[in-house]
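Work through the exercises below with the sequence and the 3D structure in view. Each task is followed by its solution.

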Amino acid sequence: MHEVVQDYYGKQLQGSADLKTDACCDISEVPEWLKPLLARIHPEVLSRYYGCGLVCPELLRGCRVLDLGCGSGRDVYALAQLVGESGEVVGVDMTEEQLAVAEAHRQWHAEQFGFDNVGFLRGYIERLEELDLSPGSFDVIVSNCVINLSPDKESVLRGVHRLLKPGGEFYFSDVYADRRVPDSVRNDPVLYGECLGGALYWNDFENLARASGFLDPRLVTDRPLAITEDTLRERVGNLRFFSATYRLFKLDELEPACEDYGQAVVYRGSVDNCPQRFDLDKHHAIEHGRVFPVCGNTWRMLAETRFADHFEFIGDFSRHFGIFEGCGGGLPFDQAATGADRTDVPCC
Ligand SMILES: C[S@@+](CC[C@H](N)C(=O)[O-])C[C@H]1O[C@@H](n2cnc3c(N)ncnc32)[C@H](O)[C@@H]1O
């Protein structure tokens with residue numbers, strides 16, 4: 001599949017307008033604070049953008065960031081401005097033509113920004129250990145519409161886990177299906193190149209993330225995708241596809257479920273561009289100044305990461321109160337019946 005994908009992104013596509021679906025073409029609303037940063041990126045780089053979401057998480061100043069499948073570098077050059085002169089962004093891609101565009105404009109961007117803090121490496125995201133990158137050396141790893149194209153997603157996730165610092169995060173946008181993708185769709189080169197054929201069923205992805213060491217995957221945003229070409233829509237049938245952004249923290253003590261220790265946090269309102277509210281994920285919009293009850297995992301995602309200085313923390317892990325209500329699975333047992341003296345319930 002590597003050759004099919006290299007041919008698609010290196011030779012067949014000349015720009016975003018050549019795409020046949022909106023899978024690899026991000027239509028999310030660009031936040032106001034990001035617009036001036038994108039305005040400083042070279043037009044040729046912008047015209048070859050094939051991402052499906054926004055991969056600019058909060059609080060990046062001074063961070064070392066890796067972009068997997070960076071393409072012609074739009075996100076690398078946006079992130080370069082966010083990490084600033086004291087940070088660094090490394091882009092990895094396997095397609096020569098994509099990297100050539102990214103490299104060609106490196107000096108131009110250095111002059112725009114007043115510093116050169118980016119680097120590009122040619123390589124495969126399944127074999128990150130072959131690149132000269134030290135384990136545990138990245139604060140944040142991003143990727144935009146790439147993992148679906150990989151024939152070995154487990155190796156990608158394990159490599160990411162290895163390269164992240166403890167408390168670091170993989171923040172990435174990708175394409176997912178509402179069910180397992182049949183071979184007829186998977187083996188279609190256009191559907192594969194368009195980021196649909198290789199998409200994972202979302203629940204298989206979440207289980208794979210857990211098995212790769214990311215114990216509590218958090219969904220940040222999602223949107224349904226449209227297949228604009230009639231012939232492709234027919235080939236896809238009833239499958240539904242979504243673009244979604246997840247954040248996966250490398251925190252070894254996260255638990256399989258959201259457990260309640262009676263803890264809470266208070267957001268100080270101090271993260272850049274988020275004075276009123278900090279959105280950890282789709283289900284945690286944390287208002288400035290308000291006591292916000294959290295499960296043990298959410299606590300760790302705030303207390304043991306780069307976000308720690310921006311919160312006050314109430315409580316600890318000394319008392320357990322059961323599963324955190326409204327977060328995770330909830331108590332699976334019927335609370336009304338004791339079970340032992342009931343005769344009307346089946347055994348399984
Ligand atoms: C849909 S494009 C997205 C590019 C870029 N992230 C962007 O937002 O414009 C997918 C990119 O991933 C790269 N890619 C796909 N599979 C890869 C792999 N296994 N290893 C390295 N790069 C890969 C392709 O060469 C292509 O540049």
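**Exercise 1. State what share of the chain is buried.**
A residue is buried if 20 or more other C-beta atoms, placed from the backbone, lie within 10 Å of its own. The model is predicted: local features need pLDDT of at least 70, side-chain atom pairs count only at pLDDT 80 or more, and totals for chains, interfaces and linings use all residues. Residues are numbered from 1 along each chain as its sequence is written.

**Exercise 2. Describe the largest nonpolar core.**
Such a core is a set of buried Ala, Val, Leu, Ile, Met, Phe, Trp, Tyr and Cys residues joined through C-beta atoms within 7 Å. The largest one has 90 residues, and Val65, Leu79, Ile141, Val175 and Ala199 have the most contacts inside it. This core draws at least three residues from each of domain 1 (2-249) and domain 2 (257-333); the domain bounds come from an automatic or database domain assignment.

**Exercise 3. Describe the shell around the ligand.**
Begin with the count: 25 residues surround the ligand (C-beta atom, placed from the backbone, within 6 Å). The closest are Gly51, Gly69, Gly71, Met94 and Thr95. Next, look at the helices, which are DSSP runs of H or I with at least four residues, numbered from the N terminus. α1 (2-12) and α4 (74-83) each supply at least two residues of the shell, and the largest share, 3 residues, comes from α1.

How values were computed: A residue is buried if 20 or more other C-beta atoms lie within 10 Å of its own, exposed if 12 or fewer, and partly exposed in between; C-beta atoms are placed from the backbone.
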